[in-house]
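Reader: I am new to reading protein structures, and I would like to go through this one slowly. Could we take a few of its elements in turn?

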Amino acid sequence: MLDQAQIRLASSAIRELRVALSNFFLYSAGNDMVVKSIERLLNALNLLFESLPAVGLAESEGRLLIEGSPLDERMTGSTNMIKDLFLTHKIHSLSFLKGVTQNEIQSLFELLKPKALPTGLSLVQALVQKPIPHITLNEKVYVAIKEGEKVVTGDALPGGEENLDEALEALQYFLQIFSRVRPDSNKREVAKKMIDHMGGWLTTGNVESGTAAGPKDAGALLPWQDVMNGFFSLKKTLTSANQPDQLKKVQVGMDEVLKKLVLLGESQGIPLKVPEAGEKVQDAAQGSLFDSDPVLTDLRAAKEKVLLDPGLETHVAERLPTLQQQDDQEPFEAVWGILWKKIAAGNEEEQAIALRHLNRLQWNAVPRHLQLDGLKALREFLLDPRFPPSYYVGLTLAQNWLPLEMGSPNWEELVSTTGVLKNLAEKAPPMFEKQDLAAKVALETIYSDPVLEHLVNLHSKDSGSREAVEGLFVLLKGLTGPFLMEKALKPGDKEWEKAVALLKILENKGLNLIEPALQNETGPERMGLFLELFQKIPLPGRAADHIERNWESYKNETQVKILETIALWKRTEFRILLLRLLDSIENPLALPAMKVLALTGLEGDSRKIIAAVRKFPEQSKQKEKFWVSACLALGEMADPLSIDALMEWAEKYRFLEKKKVRDMKVREAALEALGHFRSNSVKTFLETLLKDAEKEIKPAAERALKAVEAKLEKPPEKSEGH
């Protein structure tokens, strides 16, 4: 048995197994979603392998167990797909051994695909012919017995005289054991155990009448074929009875036992057949064991009684797939209608069994019109459930159907059903205890990461699906938002562009996802990832507050990239940060901050730049470079408060004493800056300057005057004051 920590790990592994199987059945083996989901399954199994040499998954009494321990269904989500596969392929247990590889898991999944096995070949037989080294079938068996819901291994089952149903249950277990026994001669010991647990029915007595005389001594053990003959004799006895309800159910169970025995024997290379007339068992059933199937016959006739009989539920479940696969769909449609009628009628027991039957159906084999009708009926049922247990089963229907519906969706039905689930998850107060929590878990299971990845890919490829996908992401923003943000913060991932494109659309629609994610960042490590995102999507409104609070924690290269991003989007709310960076002219970020301020500053901010120029050390070799950049920035800003300083710098260049060695770059930059203004005072200044300008500066002054005159000829803009 597992401890609580192992149960959590095991439950997570089963969830990944279900998702991986769903993806494998929906998409090609090389699909990225398939590969990633199998990788997650392997990671989950490897965590268990740290304390276990193997992980054995078994089905017992309708429940999945790992190493004999029940799973946490809140973590696994619906396990019906896995249980259906166990039923279809007659799997009693599935074990993953330490060292299992992705290729081995894919090989198993290939065999589990619908119609993957050749006709007449079972999964057990396929693995006998071509074994998968680290995956085994039917190595372990766990059987639930009614002793406080305890789960015990098969060798702990009670023995002694049993009634018919209990004897058949014990027999089912021992048939599983037969598949492990080699060589054939060792089956004699297994036969002895079977005799002990069957209450003496299968002994060397009066075979013709089917009565049991009991073994005379230990040497009277039956060989394999004799045990088989005993089954035939017992079957004939039951067939000849008056068939009250209990005996009829047991006969159906015995048919299944015989089928399993034949298949298990054949998988061991021991051909078993029905004894023919004249052989040792004179009165054994003639012809095929499988000629008569009363449950399937009743299903084809759409008889309510067989559908709603709890004693036949397992047998009905096994035959519903057969009914689905028939060319004539009329019987299946009749059964489908009966099940929904009983669900709507509201009798608790009948409603529950009808829901369970629906839950076992193969969704992809349901006719399309019935699928759409089923989704509508499911919504009506979930909105007004009369019995909590049935509500939970109804949620598993949604968990099974909606991911498969996404393969070729009717978006209206898909979005409507998702909307109902969301409303149920947020219902306050809930209709009954944990009603809302169960719906929330169902939504999280349906819209798992692989499904959301599929939707993102669909959004990028199929224009007809884009609006619906966007609607789903908006509807489920609490679930889809974190997923999409995580994808958008992985710029190296090949799916990054698709996630960012969808995120940008959702942000434009008012779905605020980036800002909360940014505010929740507690350290500077991921800021670089956000900056990659901000090359595609504008900075959110409150980004300035967050960045200013954390500015000192960022590395220099991150700070530079932040300044570039502010310039890209021309965000004025970062002015305070930019002005602060100009306080220290020795700060290496002062120059890039000034350039960004030129694009984002407001009227009056020019005074900070002018002050920075004036306090720059005269002897510094960097002053001229800074000064030229300041002139260009002031020109970009065109702040009237900077005109006087620019005219001063353009006229005399008074800050340098040695006129003969001074460069013209500062004066030229100041003149270029003045050309950005629509101002009569600037025009007059330039006209005066040109009368007595040095020949080196005259071309720059002429260009500036021409630019100012062109601006003055146009009507003034609202923001211009000169």
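Author: Two strands count as paired if DSSP finds at least two bridges between them. Please keep in mind that the model discussed here is predicted.

Reader: Which residue in strand 4 is the bridge partner of Gly 56?

Author: Strand 1, residues 54-60, and strand 4 pair in the antiparallel sense, and five bridges join them. Within strand 4, the bridge partner of Gly 56 is Ser 95.

Reader: Which residue in strand 5 is the bridge partner of Phe 96?

Author: Strand 4 and strand 5, the latter covering residues 135-137, run antiparallel and are joined by three bridges. In strand 5, the partner that Phe 96 has in its bridge is Ile 135.

Reader: Is strand 4 largely enclosed by the rest of the structure or largely open?

Author: A residue counts as buried when its relative accessible area is under 20%. In strand 4, which spans residues 93-97, four of the five residues are buried, so the rest of the structure leaves this strand largely enclosed.

Reader: How are helix 14 and helix 15 oriented to each other?

Author: Helix 14, residues 330-345, packs against helix 15, residues 348-360, with the axes 8 Å apart and at an angle of about 140°. Angles over 145 degrees would count as roughly antiparallel and those from 65 to 115 as roughly perpendicular. The two helices are therefore oblique.

Reader: Which residues of helix 15 does helix 14 meet?

Author: Helix 14 passes helix 15 in a left-handed crossing. From helix 14, Trp 336, Leu 339, Trp 340, Lys 342 and Ile 343 take part, and in helix 15 they meet Glu 350, Gln 351, Ala 354, Leu 355, His 357 and Leu 358.

Technical notes. Residues are numbered from 1 along each chain as its sequence is written. This is a predicted model: local features need pLDDT of at least 70, side-chain atom pairs count only at pLDDT 80 or more; totals for chains, interfaces and linings use all residues. Side-chain values use heavy atoms; hydrogens and water are left out. Axes are lines fitted to C-alpha atoms, for helices over the stretch in contact, and angles run from 0 to 180 degrees between N-to-C directions. Angles under 35 degrees count as roughly parallel, over 145 as roughly antiparallel, 65 to 115 as roughly perpendicular and the rest as oblique. A crossing is left-handed if the near helix is turned anticlockwise from the far one by less than a right angle, and right-handed if clockwise. Contact means heavy atoms within 4.5 Å. Buried means under 20% relative accessible area, exposed over 50%, partly exposed in between (1.4 Å probe, protein chains only).
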